[in-house]
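This report concerns charged side chains and their pairing. Please consult the sequence and the structure shown here.

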Amino acid sequence: QAICVERFLLILTSDNMLLRLDIAAIEGITLEDEALASELQQQLELLFLSVKKKDRKLLKIDIADGGEQDLFVAYSIACPIWKTSYRLVFDKDERLMLQGVAIVDNVQEEDWSSVEMVLVSSSPVSFIQPLYEPIKPSRRTIEGQGAQSSGPFVAERARKMKAAPGAGGRDLYFDEPMQTSAQSVMAMAPAQPGAPAPVNAPVSTGAFRRFDMAGAMSEPANIETAERGENFEYHINGRVSIPRNSSALIPVVQQFVEGERISLYQETRNAEFPYATVKLRNNTGLTLEAGPVTVMEDESYAGEALLDVVKPDDSRFLPYALDQSVQVVVRNDFKQKPFWRVQVHDALLYFYHKELTQKTYSIENMANKKKIVYVEHPARDEWKLVAPGEANGDKNSAAFEKPEETTKSFYRFRIELEGKSDHELVVTEEKVVTTQYYLLTEASPGDAYVQALFNQNYSNKKFLEFLKQVQAIRGELFDLNGQLRSLGDLVVQHESEQKRARENVKTLGAGAERFRQAIEESEDKIIATQKQMQIVKEKINAKQEQLRQALTVRIEADVLETSA
């Protein structure tokens, strides 16, 4: 059974008549209303842009009549941040060449053809706000006038940093005005897996192309640098062309820099060997962006490092390999010294003593050449460096090795080792520790802890007299509390005897006269003992008040060494 479906179009004409037209019979529709035709064309274009090119917007510009005039339209688009990659090359004369390239990615759907490019070194605050979408403010409903209400308020706005998309493999393209061939750009870029390769450029058989150190320029051509407030700009003089979904490597630095070979030891990274490191000073006059660094020994690969942002005349350590020609053995020691100061305040007795930690780095240079070793020792809060002899009580010990520099987390010690030699670096640290002892309590006269206090030689003799006075009161409190406990035990004993006599009276009845008399005697003893307890309690309260008054003063003294 066949089903026939017919579709019709109903049109309301200007004379209010409905026309019924078969859609299959309509061959074309002509819009005679020019305004309607223009509006339909605009809507179709918007529909096309929203489906095919979601990031495109239709911009309509109205210009007042006034003859011919120039119109300049500028807009900003979201792009991935540019990246940097470096190469450090040691030549035969131990000069250090720094080469750097900027990697610029074009992930748009259009080519960049002969564009001006400025690379800016900065960390701007960036966010996205949907300005194309209508914003309907949220309004809260409040109670009627006269009712209690907190009223409307504007909430704080949260801003989210925009994440830059990553870029995959790209091709290289440059215009002729750049005066930089693809081969020369490749020679300045480290050969890394997945790195962009120039179009039609010869591929080197080695890991890196040979670099002519003698012909090195102090600065790569076609780059102008300038500071703009807190930003640093690399202005590309020539124009750059980068096709869609492609990348370009742009040389930004190529010159000799100040650098030193060192070995950097950090126990938490490697407990046995230090790292071969370049101590780099940025004397290029440029702000070097963060990026990977490939270290070369003339034409040989030596290792890789990471560089953070380096301002002009600043220095960085770049560890790039493990230096197995230097071996380090670490020994640790700990000592707690006797207390050296006492203080009484608010009924608390404070003891101050010092803890000493000593770490010995035994460093051996197994190579025939001179080595410079930097040891990074952790810098801890509340600990300070002291002379190693102080750990053994030697106040006249020689001055200790001081760190050459400090970082946020480490002290850095510099040691110079000749070939086939060794050295011991002793780092001693000291921390003051406080212990509290509550004095507003009773104390046994034979307390060994308190007796140790009396055996000290105090700088303030009044402190010893004060301590004896306080200890005497605390000893009296100890005796009074002992009496109170004894009387309490006696009351319990009398009550037990009285209870036993009452049970005998219940059992014997009329023949229990002797036990009735024992009950009365026990009651008299209980009353007398409770009166004695009350007297002792009053004495305890008086002694506690006396002790409290004695502890209202603030006094302290240093503990001196007792002469032999």
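The sections below treat the basis of the model, its salt bridges and a charged patch.

## Basis

This is a predicted model, in which local features need pLDDT of at least 70 and side-chain atom pairs count only at pLDDT 80 or more, while totals for chains, interfaces and linings use all residues. Residues are numbered from 1 along each chain as its sequence is written, and side-chain values use heavy atoms, with hydrogens and water left out.

## Salt bridges

The structure holds 25 salt bridges (a side-chain nitrogen of Lys or Arg within 4 Å of a carboxyl oxygen of Asp or Glu). One of them joins Arg 341 and Asp 558 at 2.8 Å, N to O. Arg 341 belongs to strand β16 and Asp 558 to strand β24, 217 residues apart (strands are DSSP runs of E, at least two residues; helices are runs of H or I, at least four).

Glu 429 pairs with Arg 380, their closest N and O atoms being 3.1 Å apart. Glu 429 lies in strand β22 and Arg 380 in the loop between β18 and β19, so the bridge ties together parts 49 residues apart in sequence. Glu 429 is buried at 2% relative accessibility, whereas Arg 380 is partly exposed at 36% (buried means under 20% relative accessible area, exposed over 50%, partly exposed in between; 1.4 Å probe, protein chains only).

## Negative patch

On the surface, Glu 495, Glu 520, Glu 521, Glu 523 and Asp 524 gather in a patch of negative charge (residues with over 30% relative accessible area and no salt bridge, like charges being joined within 9 Å). Helix α5 supplies the largest share, four residues. Glu 521 is in this helix and is partly exposed, at 41%.

Technical notes
Patch = residues over 30% accessible without salt bridge, like charges linked within 9 Å, V, L, I, M, F, W, Y side chains within 5 Å. Areas by Shrake-Rupley, 256 points an atom, 1.4 Å probe, with all protein chains shown as cover. Lys, Arg positive; Asp, Glu negative; His and termini not counted. Charge placed at Lys NZ, Arg CZ, Asp CG, Glu CD.
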